[in-house]
Amino acid sequence: MSANTTSAKHAATPIGATVDEQVLVLDFGSQTAQLIARRVRENNVFCQLVRHDLPASRIRQIAPKGLILSGSPSSVYGKGSPQPDPEIFNLGIPILGICYGMQVTCHTQGGEVAPGQTREFGHAPCRVLSSSGLFDGVPQEFQVWMSHGDQVRDLPSDFEPIATTETCPHAAAKHRTKPIFGLQFHPEVTHTEHGGQLLSNFVKKVCGCRGSWRISDFIESEITGIRQRVGNNRVICGLSGGVDSSVVAALLAKSIGDQASCIFVDNGLLRLGEAEEVRDRFSQHFKTDLHVVDARQRFLDELAGVKDPQQKRKIIGRVFIEVFRHEAKSIPNAKFLAQGTLYPDVIESGGSPDGPAATIKTHHNVGGLPDELGFELIEPLRDLFKDEVRQMGLELGLPEHLIWRHPFPGPGLAVRCLGEITDKKLTTLRQADAIVIEELHRAGLYRQVQQAFAVLLPVQSVGVMGDDRTYEDAVAVRAVQTDDFMTADWFHLPYDVLQRISTRITNSVRGVNRVVYDISSKPPSTIEWE
Ligand code: XMP
């Protein structure tokens, strides 16, 4: 279930309340701010995004080991440009400013920022002048990734340059006596060589972090936290079959066992064997109370005759909530609802008290549950990135194939069965889809593709079978490569894999005589067809 709703009822824990060392990223609006946090966490150091103007007094309370000031699309001289609380530079906490973060640091400390001779985007060779801890283990010369218009022309008098490029004399700088550093380039992106080493040097050598944050410890503290919060009450958890809700359910099973009631709505829009798999996994391996609601006919009836994609999504969203609510009411003493909200959802919805403001992003909310269900929310994954949730799932004993499963939309096969939905069409699509996925696994490509599936087109075309002329359905195959699902490229599947998929579908799926491959990227297309 995608859980994009952040309820006012969520009892917000203070940032990083359960960790003994952490680094904060002050988010000035850079697209790579989340990436910085992920890179820091790769060092087993907990890291979260906070508002760029979080007051120094609040930062003192949180007591992070270090602060990283992110980049920004703004210029420090621009009207309303985001500024940090200047007191943060007097806290004695190590600071690393990246790009705009460096410029705003130098500007605040009395330096001069000015437009560079040209806007600089791309690789540049960088020469280290002084290691200063930050460049330990990094070669004297290495390639960095620049993306900036302004740069620091005159360093504040207390600062000295520690690295330089041809067009940027102050590619890196440091305060002469305080642990304050600036980098004009972006160490968080993979295009910067040794960028990971630089961030690691900052958090470990400069900030003195030990790197003691482990998912296994996080699991233990979440389990204790859930037990304390739930007491003798009951928790409801919506299972979708996907990674996030499965990890939440596994955590609940470990912490409160049969005080958790999982609800799995079989809407008839799932892939081949999926409903059975969810049922088996959770009834056999986890000691929770599992409610499987067979709502297949109800969804089919409500969708009968509906062709418009938006209308289909609305119906599915509404019926899901109705079915879920009805089942939830049958469970006595349920006070809490557990959801698989992830950290990027929390950031993007502005759902953390110290966190950055909400960013405008159209997200899909089918499968989300409304606040008026009246439960208190438990969101045990709200501090985690997706890769960390996967790691947690593995440590909790969930099977690998579930952990690496491609995302599946809330409205399921309904958005891949174009036009009107019928039981017969769903059966056809399910078989074709299973072949696509099987062949990707067989070719060892499943993990290289972020999402792949079959689409049943509302198109009939002429074919021949033996001596007979056929007039049957067409199936499109979609496979994409993407980092964030906001943009995507079609995957260059090898011809022999495409050939096997096509042959198997046309030979074994009744009613299909043609297979086409979708070679559209997003944008202008979307990943799903509806
Ligand atoms: P599009 O088609 O917009 O999809 O390029 C981007 C990603 O979002 C998934 N998706 C959904 N997920 N509910 C969901 O939970 C939905 O209604 C929905 N629609 C699309 C899609 O599968 C892809 O991963």
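Me: Let's start with a cysteine: does C417 count as buried or exposed?
Reply: Keep in mind that this model is predicted. Buried means under 20% relative accessible area, and C417 comes out at 0%. So C417 counts as buried.

Me: And how many disulfides does the model have?
Reply: A disulfide is a covalent bond between the sulfur atoms of two cysteines. To count here, a pair of cysteine sulfur atoms has to lie within 2.5 Å. The count of disulfides comes to 0.

Me: Take C262, then: which residue holds the closest cysteine sulfur?
Reply: C262 is buried, with a relative accessible area of 0%. The closest cysteine sulfur is 4.4 Å from the sulfur of C262, and the cut-off is 2.5 Å, so that's too far for a bond. The residue holding that sulfur is C237.

Me: On to rings: how many aromatic pairs are there?
Reply: Rings of Phe, Tyr and Trp pair if their centres lie within 6.5 Å. Going by that rule, the number of aromatic pairs is 9.

Me: What kind of aromatic pair do F28 and Y100 form?
Reply: Their ring centres are 5.5 Å apart, and there are 50° between the planes. Under 30 degrees would be stacked and over 60 edge-to-face, with the rest called tilted. The F28 and Y100 pair is tilted.

Me: How many residues apart in sequence are the parts that F28 and Y100 tie together?
Reply: F28 lies in the loop between strand 1 (22–27) and helix 1 (33–41), while Y100 lies in helix 3 (residues 100–108). F28 is buried, and so is Y100. Because the two sit in those separate places, the pair ties together parts whose distance in sequence is 72 residues.

Me: What about F46 and W213: how many residues apart are they?
Reply: Their ring centres are 5.0 Å apart with the planes at 50°, so this pair is tilted. F46 is buried at 1% relative accessible area, and W213 is buried at 9%. F46 sits in strand 2 (residues 46–51) and W213 in the loop between helix 4 (195–206) and helix 5 (215–230), so this pair links distant parts of the chain, and the separation is 167 residues.

Me: Over the ring of which residue does the charged end of R271 sit?
Reply: There are a couple of examples of an arginine over a ring to look at. R38 lies over the face of F385, at 5.8 Å from the ring centre. The charged end of R271 sits 4.0 Å from a ring centre, and that ring belongs to F408.

Me: Is H186 buried or exposed?
Reply: You'll find H186 in the loop between strand 9 (180–183) and helix 4. Leaving aside neighbours within four places in sequence, H186 is in contact with T32, I98, C99, W145, S147 and T192. Its relative accessibility is 7%, and the cut-off is 20%, so H186 counts as buried.

Me: Which strands stand at the edges of the open sheet of 9 strands?
Reply: The order in this sheet is 2-1-3-4-9-8-7-5-6, with mixed pairing. Each edge strand has a single partner strand, so one side of each is left without a neighbour in the sheet. The edges are strand 2 and strand 6.

Me: In strand 6, what is the bridge partner of G122?
Reply: Strand 5 (residues 112–128) and strand 6 run antiparallel, joined by 12 bridges. At G122, the bridge partner in strand 6 is M146.

Me: Which residue in the turn between strand 15 and strand 16 has a positive phi?
Reply: Strand 15 (residues 451–465) and strand 16 (residues 468–481) run antiparallel, with 12 bridges joining them. One of these bridges has G463 facing T470. The two strands form a hairpin with 2 residues between them, and the one with a positive phi, of about 60°, is G466.

Me: In which sense do strand 16 and strand 18 pair?
Reply: Strand 16 pairs with strand 17 (residues 489–490) in the antiparallel sense, over 2 bridges. With strand 18 (residues 512–517) there are 5 bridges, and D473 stands opposite V512. The sense of the pairing between strand 16 and strand 18 is parallel.

Me: Last one: is V464 buried or exposed?
Reply: V464 is in strand 15. Exposed means over 50%, and V464 has 72% relative accessibility, so V464 counts as exposed.

Notes: Residues numbered from 1 in each chain as written. Predicted model: local features only at pLDDT ≥ 70, side-chain atom pairs only at ≥ 80, totals over all residues. Heavy atoms only, no water. Phe/Tyr/Trp six-rings, centres within 6.5 Å; stacked < 30°, edge-to-face > 60°. Helix = DSSP H or I, 4+ residues; strand = E, 2+ residues; numbered from the N terminus. Buried < 20%, exposed > 50% of the residue type's maximum accessible area, 1.4 Å probe, protein only. Lys NZ or Arg CZ within 6 Å of the ring centre and 35° of its normal. Contact = heavy atoms within 4.5 Å. Pairing = 2+ DSSP bridges.
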